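Let's take a look at how two chains meet in a model. Here is the structure to keep in view while reading.

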Amino acid sequence: MEKIAVQSELNPEHKKKPVFDVRTLLPALSALLALLINVLVPNSPKYVQKPLPYFTIALIAIIGITLVFAVLSLFFENLRKRVAFKSWFIAAFILLLNILNIATIKLMLLQPIYFPNPDKILKVYVDDGAFILKCLGYSLRLLFTGFFIGALAGLTTGILVGWSRKWSYWVNPLIKIIGPIPATAWVPIALVTFPTTFTASTFLIALAVWFPTTVLTSSGISNVQNSYFEVSSTLGAKALHKIFKVALPASMPMIFIGLFNGTGASFITLMTAEMMGVKFGVGWYINWQKDMLSYANVYAGLIVIAVTFSLLITLLFRVRDKVLVWQKGVIKW
Amino acid sequence: MVKSETGYIRAENLRKEFVQPDGQTVVALSNVNAEIKPGEFISLIGPSGCGKSTFLRLLAGLTTPDEGAFTLDGVKITDASYERGLVFQDPTLFPWLTIYDNVAFGLKVRSIYHEKKKDVLDFIRLVGLQGFEKAYPHQLSGGMAQRAALARALVNHPKVLLLDEPFGALDAFTRMNMQDELIKIWQERGTTTVMVTHDVDEAIYLSDRIFVMSPRPARIENILEVEIGRPRERDLPEFLRLRAKILQILDFAGKREDIQYYL
């Protein structure tokens with residue numbers, strides 16, 4: 001196998017020769033179709049506002065970008081494989097936008113107040129983008145503060161409960177009672193206990209992250225094979241080494257499951273907190289715009305949240321892959 | 001060949017009982033006395049349930065005896081220590097550490113890694129794992145993992161090396177290779193070595209003396225000197241005679257209580 005790979009690399013003609021895969025053009029074609037429909041099909045007569053250029057611009061940009069990828073795919077095999085693999089999905093996604101555009105501005109099939117056309121949603125970013133970004137900054141500040149406090153507290157209680165019988169005896173029942181209460185149920189208490197809505201929400205998010213992190217850390221630690229501890233003690237490890245150099249790394253896979261659950265819970269709590277009164281986050285923005293019946297802004301906010309949260313989850317996956325590199329080929333989830 | 005000055009083990013009137021889940025008490029060892037000289041290679045052999053693993057765990061300090069005591073160089077053994085390195089049948093390498101970091105583990109927890117850094121690579125080389133420093137345990141074969149476990153125990157320069165059926169899970173060829181490697185390392189380092197095994201040939205091939213143990217009451221039934229020059233051949237008449245003798249003792253030991261044993 002290895003020899004073959006080396007040979008093909010040594011053979012320059014094999015590498016340079018452009019290879020065309022028709023699938024790499026699918027996204028561009030789908031975008032072209034959407035563009036043609038958007039430009040050539042007249043807007044519904046019921047649509048009385050001034051036409052906006054944003055969807056057209058966006059589609060041209062998409063065509064440009066996907067064409068660049070298609071051209072690059074001619075020369076780079078790895079890129080070609082990836083682009084070809086993803087092409088159906090991307091093309092279908094653009095088709096969905098196309099259908100949405102037809103259903104809204106072209107045919108007016110949907111209630112225009114609640115289901116704005118793509119042009120209007122894009123316009124929000126042009127007009128209000130800076131403010132949404134600022135809102136996102138507020139949201140992330142709250143999310144990160146709460147998440148780190150919760151994760152740290154969760155790790156600490158998880159280690160104590162998983163390691164020591166005494167801690168387990170006293171704290172485990174508390175975890176069982178307090179843990180399953182959804183963090184948002186604490187809102188009334190949190191609001192009167194903490195001086196500001198920011199600290200109250202930080203507490204709620206931390207609580208939401210704390211519970212799954214604690215439970216999975218402690219069960220991870222109490223399930224570590226005893227022979228690891230035995231071997232480590234014959235190598236000279238003392239109690240603290242056994243906790244931090246054996247128990248903790250051995251439970252990392254479980255801890256990450258806890259952190260993933262906690263991340264999900266923190267998103268929910270963040271949105272709830274912001275919709276209930278914390279000022280200037282994206283959740284607050286969505287709620288505010290909803291009250292003003294500006295649904296285009298609501299969608300714009302939702303898209304920002306979707307993109308941000310999925311980026312954060314991806315980031316956590318990357319961190320996990322880095323930390324759990326030793327698991328490669330052992331366990332996959 | 002080096003013979004160490006330290007690593008003198010005495011067992012005096014050892015007794016160890018276990019309480020089973022149903023409340024019954026099982027005597028794992030009773031009235032066990034033994035003496036192991038510095039640098040000796042001892043094998044413990046006997047049927048299942050004869051307490052040989054308990055003997056080793058007491059010596060490692062992983063459990064404490066109910067009566068009597070083990071002493072190492074005159075000091076009573078009360079706790080596990082790096083002075084008594086242990087290798088299980090399952091290599092129990094830490095899967096989250098590379099081979100290098102596994103071997104370095106003992107030095108790091110003893111906070112002498114910076115002074116003794118060189119030892120890590122030396123011992124990896126000693127067990128023939130050079131080039132695998134950055135590999136993770138799951139990438140190694142059973143024999144390689146066991147070599148790494150051996151290096152991990154040896155890097156601490158233990159006074160005593162304890163082996164609990166170290167090659168029991170390996171195939172026959174790997175096992176014979178590992179036995180030769182082990183003898184080579186033992187001869188180079190002269191560490192007192194105590195090994196539990198099911199394999200009569202392995203015991204004869206490796207040991208200076210063999211403790212044959214009997215079950216219920218679990219104790220040392222017989223101590224046999226292996227007076228065969230090294231390197232040993234497995235088909236020498238003395239080898240075969242000794243083997244027949246051990247089998248006879250084991251047969252007797254086993255039949256008395258009607259207990260299954262493994263060869």
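Between chain B and chain A, five residue pairs are in polar contact, both residues at pLDDT 80 or more; that term covers a pair of N or O atoms within 3.5 Å, where within protein one must be able to donate a hydrogen and the other to accept it, and residues adjacent in sequence count only if both atoms are side-chain atoms. On the side of chain B that touches chain A, the elements giving two or more residues are these (helices are DSSP runs of H or I, at least four residues, and strands runs of E, at least two, numbered from the N terminus):

| Element of chain B | Residues |
|---|---|
| β6 | 84-87 |
| α2 | 99-109 |
| α4 | 142-154 |

The most comes from α2(B), with four residues.

Keep in mind that this is a predicted model, where local features need pLDDT of at least 70, side-chain atom pairs count only at pLDDT 80 or more, and totals for chains, interfaces and linings use all residues. Side-chain values use heavy atoms, leaving out hydrogens and water.

In all, 25 residues of chain B are in contact (heavy atoms within 4.5 Å) with 20 residues of chain A. The rule also finds one salt bridge across the interface, a side-chain nitrogen of Lys or Arg within 4 Å of a carboxyl oxygen of Asp or Glu: B:Arg57 pairs with A:Glu230 at 2.5 Å, N to O.

As for confidence, the model scores ipTM 0.89 and pTM 0.84.

Key. Residues numbered from 1 in each chain as written. Chains lettered and ligands numbered in written order.
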